[in-house]
Amino acid sequence: MNLTLKIWRQSDANSKGKLVDYSISGIEGDMSFLEMLDVLNEDLINKGEEPVVFDHDCREGICGACSLQINGEPHGPDRLITTCQLHMRKFNDGDTIYIEPFRAKAFPVVKDLMVDRSSFERIQHAGGYISVNTSGNTQDANAIPIRKEDADEAMDAATCIGCGACVAACKNASAMLFTSAKVSQFALLPQGQVEATERVLAMVNQMDEEGFGNCTNTGACEIECPKGISLENIARMNREYLKASMKG
Amino acid sequence: MSILDSKIPEGPLADKWTNYKNKINLVNPANKRNIDVIVVGTGLAGGSAAATLAELGYNVKTFCYSDSPRRAHSIAAQGGINAAKNYQGDGDSDYRLFYDTVKGGDYRSREANVYRLAEVSGNIIDQCVAQGVPFAREYGGLLDNRSFGGVLVSRTFYAKGQTGQQLLLGAYSAMNRQINRGKIQAFNRHEMLDLVKVDGKARGIIARDLVTGEIERHSAHAVVLASGGYGNVFFLSTNAMGSNVMAAWRAHRRGAFFANPCYTQIHPTCIPVSGDHQSKLTLMSESLRNDGRIWVPKRKEDVEAIRTGKLKPTQLSEDERDYYLERRYPAFGNLVPRDVASRAAKERCDAGFGVNKTGEAVYLDFASAIQRYGKEKAMTSGMHNPSKEEITKMGEEVIESKYGNLFQMYEKIVDENPYKSPMMIYPAVHYTMGGLWVDYNLQTTIPGCYAAGEANFSDHGANRLGASALMQGLADGYFVLPYTIGDYLSHDIRTGKIPTDTPEFDQAEKEVKDRIEKLMSGSGEHSVDYYHKKLGKIMWNKCGMSRNEKELKEAIEEISVLREDFWKNVKVPGTVNSMNPELEKAGRVADFLELGELFAKDALNRNESCGGHFREESVEQSGEQKGEALRDDKNFKYVAAWEYKGEPKDAELHKEDLVFENIELKTRSYK
Ligand SMILES: Cc1cc2nc3c(=O)[nH]c(=O)nc-3n(C[C@H](O)[C@H](O)[C@H](O)COP(=O)(O)OP(=O)(O)OC[C@H]3O[C@@H](n4cnc5c(N)ncnc54)[C@H](O)[C@@H]3O)c2cc1C
Ligand code: SF4
Ligand code: FES
């Protein structure tokens with residue numbers, strides 16, 4: 001395959017960025033999208049140019065590091081996958097592909113296609129945990145039976161990889177899907193109940209402080225989420241939040 | 001006498017850890033506030049250690065190269081974590097887990113460490129459940145288990161195919177609690193480039209802020225290295241792309257011995273290599289072997305026809321298939337340990353029975369499991385005359401509920417539906433059992449420098465069983481280090497803050513900067529990846545699944561030539577004081593180029609087959625085990641710990657003799 005790439009280049013958070021054209025050839029269908037970028041970077045290095053910076057690590061869809069807005073969609077055209085799981089067989093010879101960083105005020109660009117998602121971290125620092133000591137004396141794990149359905153539902157919420165595609169997909173750059181997935185995991189488990197009130201208030205407040213937009217129920221986040229995190233989580237978080245606000 | 005003191009406590013095996021804990025020195029809570037600990041790495045080992053040490057009251061600084069602790073490579077572990085809970089009532093116990101682990105590691109690990117691991121394993125599950133880790137449950141609400149290769153009990157706890165992710169998120173949430181309390185300062189996107197010693201003790205690190213490029217000094221009373229394994233020395237592996245040996249190697253250069261570098265685990269169920277551009281290999285969890293049957297065609301003609309696309313695997317009848325694991329190892333069948341399964345696959349492929357284009361793949365087939373589960377489901381849902389289609393459909397649903405995400409992953413990568421046609425798999429480098437030598441306290445040969453998780457060498461011997469790395473990482477971090485480090489730090493309560501404006505820090509910083517300068521000043525012939533790929537090829541071909549003297553000697557030579565070329569001719573674009581991933585890679589590959597040589601040297605020295613390490617000169621000549629790996633306990637029942645002396649070829653070997661008082665050394669037979 002021969003492709004034309006239009007890639008966002010920006011040297012750091014304070015510089016202005018722009019789209020730069022590259023042409024690339026010899027791309028095979030079983031390459032992943034990131035491997036295609038590796039090939040481009042190898043070319044650039046050999047030509048004495050600076051390679052394109054992008055975030056990645058596991059390359060199997062689980063660490064949540066890779067991002068990339070591909071032809072206007074976070075993680076590209078396919079559903080339920082991250083960028084590293086996208087394969088070039090989804091593209092055709094001669095295609096032009098736009099590659100840009102995730103766009104959101106709360107995700108400033110670090111360099112080229114790499115963004116700073118530490119706002120997500122701070123939301124979790126605010127309350128994304130159950131306060132339990134690691135003393136080695138915790139009660140036996142089977143002393144807290146949990147309905148399989150609840151455990152499965154908590155697991156579904158817990159599979160969020162913190163990639164930020166939901167934010168990038170949202171016209172308001174809202175972080176509701178991410179935050180609600182984190183809140184839901186604990187809300188669905190008995191261990192999480194004790195601190196439920198403080199948790200949801202703290203996490204939602206932090207989310208607002210970080211400059212994420214409001215949720216207007218457009219549902220774009222769910223469509224682009226690589227892990228299929230469902231909008232039900234947002235509903236659950238809203239209920240939890242309401243409950244907590246009335247108590248608080 | 002070896003200069004290595006393993007510090008194994010006296011007394012009966014089962015009481016060692018308890019006695020030890022009763023006797024060590026404790027640090028009073030008011031003094032803990034005055035003590036700083038650096039934790040490099042925030043995977044399962046580092047994350048759990050950081051959270052626990054902070055909870056105890058120490059001031060903790062964590063470092064990781066990614067933008068969040070929760071992206072550490074541990075996130076990728078799929079299958080599960082072992083614990084001797086005996087919830088299934090199938091006869092499991094601490095002793096049995098200990099026994100399986102020592103045997104699985106081919107008697108190349110320390111009894112006392114492994115027993116302690118088994119002993120605390122149950123606590124790990126309690127701890128994680130209390131943190132809200134959503135392990136799989138049975139309908140009665142209790143925890144579910146499955147079994148993993150190499151054992152006969154069901155002791156593996158799991159969270160779908162994302163166990164590592166959930167455990168790491170658990171440790172990360174424990175870290176969050178401490179970050180929120182101000183007890184952990186997290187330095188993300190920071191890379192440790194050197195260890196700083198003051199008066200012979202580890203007292204800090206030099207790190208690079210990967211965003212600004214700034215070189216920073218950080219001091220502490222103790223340093224924990226939990227920086228993961230070095231499987232990426234092979235370039236292609238199942239490890240995350242950033243996984244590297246730098247932190248451990250820097251400590252090695254500062255005096256920490258590096259143990260058993262040649263012990264690598266090759267995982268039998270990975271997606272085969274498809275082409276030259278490939279950047280990494282993807283693991284298909286070993287749990288698939290619970291239900292999948294492994295085979296290749298019996299006849300070469302069928303292999304040919306399959307390779308050219310004239311025949312589909314599903315068209316071959318049962319007797320045209322060679323279920324070689326079931327044939328060779330009837331007792332364990334498809335659940336033999338990883339090294340056995342990997343070698344058997346290689347043996348079949350080398351003999352010309354590989355089923356993909358490159359001839360390096362075997363089948364992992366779920367057809368019979370689908371039928372079995374389908375029939376069971378039909379039965380339990382009261383269907384008396386289910387059609388074949390209904391059975392298949394229900395069976396596929398059961399398989400989907402167990403392994404859905406793995407099947408999906410396979411389909412995305414290979415572009416083939418594994419429910420309908422068997423998966424293709426091949427062994428790949430997965431885990432490194434070698435690492436920094438540590439004593440019972442997890443302290444390296446540098447006082448105050450500890451190593452935890454995959455970064456240390458302990459517990460797994462020559463081969464790691466499935467679901468045991470996660471267990472070890474969390475055991476080290478949650479339950480072992482917090483005690484052993486306390487004992488060490490009890491001598492530091494009057495030390496006060498460690499200053500960073502000292503000659504030792506000046507010197508270390510200068511060396512780091514010089515090294516970066518040198519990396520940037522190569523002649524620019526080749527990219528970093530060019531060298532990494534070359535190194536990987538040498539490692540895989542000559543230090544991989546099977547090894548011999550001649551090729552190991554060649555490897556040592558080739559790697560040292562490659563290293564010289566690298567330092568002269570590498571090209572690192574960009575600048576030093578900005579985000580520069582090529583510079584990061586260059587630093588890591590420079591270390592891999594040294595480690596790789598030591599790896600080959602260690603492999604050459606170990607003239608025996610053991611664990612994942614198959615030495616062609618050391619094979620059973622006769623009897624039931626004919627052709628299987630031959631271990632040599634008389635000459636090699638030791639840990640090989642290498643002392644840095646400049647070039648890898650000058651590294652000096654120290655031996656820690658392994659003493660087995662509670663387990664009789666037997667030939668490993670999975671027949
Ligand atoms: C695909 C896959 C599946 C697996 N499945 C299983 C399984 O089912 N069961 C099981 O028991 N084991 C499994 N394993 C093995 C297991 O996941 C690992 O051995 C384990 O997670 C390692 O944990 P760790 O904490 O030691 O290191 P890691 O999780 O690798 O963490 C290393 C940390 O060190 C940091 N770091 C590294 N170098 C530096 C540096 N120089 N400066 C600063 N920070 C640095 C990294 O940023 C990271 O935070 C699997 C492994 C893989 C690859
Ligand atoms: S909710 Fe989905 S899209 Fe958003 S961060 Fe989590 S995994 Fe990514
Ligand atoms: S690189 Fe980890 S999810 Fe893509």
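## The shell around ligand 2

By class, this predicted model places 11 nonpolar, 2 polar and no charged residues around ligand 2. Nonpolar covers Ala, Val, Leu, Ile, Met, Phe, Trp, Tyr, Cys and Pro; charged covers Asp, Glu, Lys and Arg; the others, Gly among them, are polar.

The shell holds 13 residues, each with a heavy atom within 4 Å of the ligand. The closest are Cys160(A), Cys163(A), Gly164(A), Cys166(A) and Cys225(A). Two helices of chain A, α4 (165-169) and α5 (176-187), each supply at least two shell residues. Helices are DSSP runs (H or I, at least four residues), strands likewise (E, at least two), numbered from the N terminus.

## The shell around ligand 1

Ligand 1 is surrounded by 37 residues. The closest are Ser74(B), Gly79(B), Met192(B), Glu454(B) and Leu470(B). The shell divides into 17 nonpolar, 17 polar and 3 charged residues.

In chain B, α3 (44-56), β6 (190-198), β15 (423-432) and α13 (469-489) each give at least two residues. β6(B) gives the most, with 3.

## Backbone contacts and burial

Oxygen atoms of ligand 1 lie by the backbone of chain B. A backbone N or O atom of Leu470(B) is 2.8 Å from one. For Ala45(B), the distance is 2.9 Å. For a polar backbone atom of Ala226(B), it is 3.5 Å. Taken alone, ligand 1 exposes 1000 Å², and the protein buries 98% of that (Shrake-Rupley method, 1.4 Å probe).

## Conventions

Residues are numbered from 1 along each chain as its sequence is written, with chains lettered from A and ligands numbered from 1 in the order in which they are written. Local features need pLDDT of at least 70, side-chain atom pairs count only at pLDDT 80 or more, totals for chains, interfaces and linings use all residues, and side-chain values use heavy atoms, leaving out hydrogens and water.

Definitions and conventions:
A polar contact is a pair of N or O atoms within 3.5 Å; within protein, one must be able to donate a hydrogen and the other to accept it, and residues adjacent in sequence count only if both atoms are side-chain atoms.
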